[in-house]
Amino acid sequence: MIDSHIQQLLGRDEVNIDLNEIAAYLNDQVVLVTGAGGSIGSELSRQISRFSPQKVILLGRGEHSIYEIDLDCRSHFPNATYVPCIADIRDVNRMRQVFDEYRPQVVFHTAAHKHVDLIEPFPEEVVRNNIVGTRTVSTLAHESNTNRFVMISTDK
């Protein structure tokens with residue numbers, strides 16, 4: 001009964017996640033999470049940590065938010081390796097440094113302006129961040145032969 005209500009609310013069938021499949025492509029991999037300090041990126045970083053990645057690169061513009069997620073992940077998953085990384089996805093040269101240094105095998109791209117009512121008066125910022133930044137990250141992932149690129153956000 002509840003399942004049918006959830007499907008009606010979503011307007012689509014429920015998506016079943018295969019945790020074994022996820023574990024298979026995260027285990028012992030270098031994983032980059034852009035926007036790791038944000039609401040989506042921070043939760044994703046915690047979830048990724050469950051699957052024994054070799055290293056998780058926690059990338060974001062905000063020093064405080066990256067500091068917080070780094071501390072949180074280390075306290076809950078002390079055996080994992082985390083690299084806090086302050087960088088702007090719009091900065092091609094800085095992002096190239098990140099890809100060259102860490103060679104991520106999996107990229108979860110969550111960085112984006114998502115609060116529409118707040119950012120709506122600044123469309124040029126949305127374009128620079130959500131479109132240009134996404135192009136930068138996806139291009140570098142491709143050039144670096146990243147195995148898997150996962151874009152998280154309906155705002156992009």
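Which residues is V31 in contact with, leaving aside its neighbours within four places in sequence? They are L26, I48, P53, K55, V56, I57, V106 and F108. Contact means heavy atoms within 4.5 Å.

This is a predicted model, where local features need pLDDT of at least 70, side-chain atom pairs count only at pLDDT 80 or more, and totals for chains, interfaces and linings use all residues. Residues are numbered from 1 along each chain as its sequence is written, and side-chain values use heavy atoms, with hydrogens and water left out.

The chain holds seven helices and five strands. These are DSSP runs, numbered from the N terminus: helices are H or I with at least four residues, strands are E with at least two. The order from the N terminus is α-α-β-α-β-α-β-α-β-α-α-β.

V31 is among the residues with the most contacts inside the largest nonpolar core, along with L26, V33, I48 and F108. That core has 18 residues. A nonpolar core is a set of buried Ala, Val, Leu, Ile, Met, Phe, Trp, Tyr and Cys residues joined through side-chain atoms within 4.5 Å. Buried means under 20% relative accessible area, with a 1.4 Å probe and protein chains only.

α4 gives the most, with three residues. A second, separate core of 17 residues includes V83, C85, M95 and V98. Of the chain's 156 residues, 38% count as buried.

Conventions
Buried means under 20% relative accessible area, exposed over 50%, partly exposed in between (1.4 Å probe, protein chains only).
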